[in-house]
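Here is a briefing on a predicted model. Topics follow in groups, starting with a metal site.

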Amino acid sequence: MALTANPHVLAWIERCVALCKPDKVVWIDGSRAQLDGLRDEAYGTGELIELNQEKLPGCFYHRSAVNDVARVEGRTFICCEKQEDAGPTNNWMAPDEMKAKLRDIYDGCMAGRTMYVVPYSMGIVGSPFAKYGFELTDSIYVTLSMAIMTRVGQSVLDALGDSPDFIKGLHSKAELDADKRYIVHFPQENYIMSVNSGYGGNALLGKKCFALRIASCLARDEGWLAEHMLILGIQNPEGEIHYVCAAFPSACGKTNLAMLIPPEVYREKGWKCWTVGDDIAWLRPGPDGRLWAVNPENGFFGVAPGTSAKSNPNALASTMKDTIFTNVVLKDDGTVWWEGLDKNPPTNALNWKGEPWDPSDGSKGAHPNSRFTAPAKNCPSISPEFDNPQGVPISAIIFGGRRARTAPLVTESFHWSHGVAMGSSMASEKTAAAEGKVGEVRRDPMAMLPFCGYHMADYWQHWLDMEGLLLNPPKIFTVNWFRTDENGGFIWPGFGDNLRVLEWILNRCEGKVGRVESPIGWLPNPEDIDITGLEGVTVDTIRELLYVDKELWHEEAAGIREYYEQFGDKLPLPMLESVKYMDARLEYPKFNLK
Ligand code: GTP
Ligand code: SPV
Ligand code: MN
């Protein structure tokens, strides 16, 4: 039975039912009993596997299809009326043409199956910043994942009432046919259609599809920002908490930074960090002229490999109950394992494909993009402000990526538009979170390349315009934890020690520390990065990590200009000026670069 009388919702669902032809329709009220019932049903069909309930209470396991393990950017479309509004970085098709194509694929796709109606909220239900959506899906895995990642159920319907202001999402696994897989956004209709995938960002429509691609369009129209950013609170020994947002491309360290545990010497002095969000931030100008951030999600869909008691104890602790594990190693005692968890790969275990796995044969047991889906409230470092509907005030915005050689450990922008230019030209080496060749360098502006729902150059202009809405804008920085030495090893220890860099950033925001001018931005005095208690890192190491290589940066400037060319007349002037200026400054005698 329908759980709402909202005529707009009911009329749309009726059309979807007529198209997909499910055997029945089940409304998700969000109750524990209903979700547990669905989980048990999925144990029966093998869609989900129960884990050891003594060791991992409330946890279960899922394997996705072998051809369905990451987002598919090549099959992700922005279908606005005019192609030029989607821009050169998005796939586009005319809405009518796409709908005709999808109609054939969806026709009868749920025959013999149940359609679950999942009402969900991005943001705290009832908050002025929350936005509501519905995901119609034929997957119990997706339904249960949405119940972790978002706020679902009756409270959402009550808050929505009879309003037509909701985001529609129609998802079907269909046949999991990779050739008919489409992840499609119709921003002008607030509509998302996803078919033939059951994985992560392709299928959990509240996440990348709604909270970034559709929301970025809403944000442009309404004067705010929807960003691929973590939100972290940093408490200093005086007890003050300052918040930063950071955008890194997929699988480049957001979850890790969001759950940072200070190094021992910092903990002893009283430093503490608080997790507000690990993937998505919605940012609005507040009445005080600052930028305020909320995390619209309610859980973490984190990369499993590399997560350990050493690298990220908070993430690991978050997965100890009520968590779904996808595509990791399944051990014979009903627990899980992945590369980097510890140094003891299990014997008698099944790999992510469900095959008996011999760790000594050199193959990976867990898929590199295997993930945990964990409730945010499980996280030991979850911020007391997590549920604050007003969000938290942001002192600094940080852009980062994986660069083996070029980018310094940290750089401060000269001013807002320079910071926007820095964000627009971010580059990173490709990871396993999306299909394609791992390792190759690609530009990923603001870590939003796969997630911006409109023309990238218009998005940069929107970022520039935001300055005018902020009396007290955050400072913008870039960081790079991934510089390597001649043997390919990381020079910077990273993880908890990244707080040492954050401290410098916050000190800059408060004017408590100096900086050095460089052609590419302000850099720290190497002595101002606190290295107390760090083994093997000296002031010279920091100097090396901050080094600006003239030739590499000339190449970088050329690469950025070439990248910008595709945006033609739409490219905001400050972007181009910024790279020209930087390129010229590399030759200024005062910098004396070799
Ligand atoms: P998405 O969920 O895909 O958006 O990824 P993410 O940005 O949250 O990345 P995550 O924190 O899961 O990190 C991905 C990988 O980066 C893991 O293998 C980490 O071990 C590694 N990583 C994270 N932080 C650091 C760091 O400071 N230094 C180094 N060397 N590696 C890091
Ligand atoms: C990412 O790829 O940035 C993720 C995982 O956070 S997914 O939800 O699949 O997009
Ligand atoms: Mn992400």
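Lys-208 and His-228 are both buried, meaning under 20% relative accessible area, with exposed over 50% and partly exposed in between (1.4 Å probe, protein chains only). Residues are numbered from 1 along each chain as its sequence is written, and chains are lettered from A and ligands numbered from 1 in the order in which they are written. In this predicted model, local features need pLDDT of at least 70, side-chain atom pairs count only at pLDDT 80 or more, and totals for chains, interfaces and linings use all residues, while side-chain values use heavy atoms, without hydrogens and water.

**Manganese site**

- Lys-208 (NZ), His-228 (NE2) and Asp-279 (OD) coordinate the manganese ion (ligand 3) at 2.1 to 2.5 Å.
- Donors are N, O and S atoms within 2.8 Å of the metal (3.2 Å for Na, K and Ca); water is not among the atoms, so sites may look incomplete.
- Along the chain, the donors of this ion follow the spacing K-x19-H-x50-D.
- Lys-208 sits in helix α8, and His-228 in the loop between β11 (225-227) and β12 (230-235); the pair is 20 residues apart and links distant parts of the chain.
- Helices (H or I, at least four residues) and strands (E, at least two) are DSSP runs, numbered from the N terminus.
- The arrangement is irregular because the 6 donor atoms around the manganese ion (ligand 3) subtend angles of 64 to 174°.
- Six donors count as octahedral if opposite donors are over 155 degrees apart and all others between 65 and 115.

**Largest pocket**

- A pocket is an open set of points on a 1 Å grid over the protein atoms alone, where a 1.4 Å probe fits, with protein on both sides within 12 Å along at least five of seven lines; lining residues have an atom within 4 Å of a point.
- The largest pocket has 50 lining residues, and Ala-251, Cys-252, Gly-253, Val-303 and Arg-402 lie nearest its centre.
- Elements giving two or more residues to this lining include α8 (206-222) and β17 (299-303).
- Helix α9 supplies the largest share of the lining, 4 residues.

**Helix α5**

- Helix α5 (residues 140-149) has 9 of its 10 residues buried, so it is largely enclosed by the rest of the structure.
- Among the buried residues of α5 are Tyr-141, Leu-144 and Met-149.
- At the start of α5, a side-chain oxygen of Ser-139 comes within 3.2 Å of the backbone nitrogen of Tyr-141.

**Ser-308**

- Ser-308 lies in the loop between β17 and α11 (313-318).
- Ser-308 counts as buried because its relative accessibility is 9%.
- A polar atom of the Ser-308 side chain lies 2.9 Å from the backbone nitrogen of Ser-311.

Note on methods
Four donors count as tetrahedral if all angles lie between 85 and 135 degrees; four count as square planar and six as octahedral if opposite donors are over 155 degrees apart and all others between 65 and 115; anything else is irregular. A polar contact is a pair of N or O atoms within 3.5 Å; within protein, one must be able to donate a hydrogen and the other to accept it, and residues adjacent in sequence count only if both atoms are side-chain atoms.
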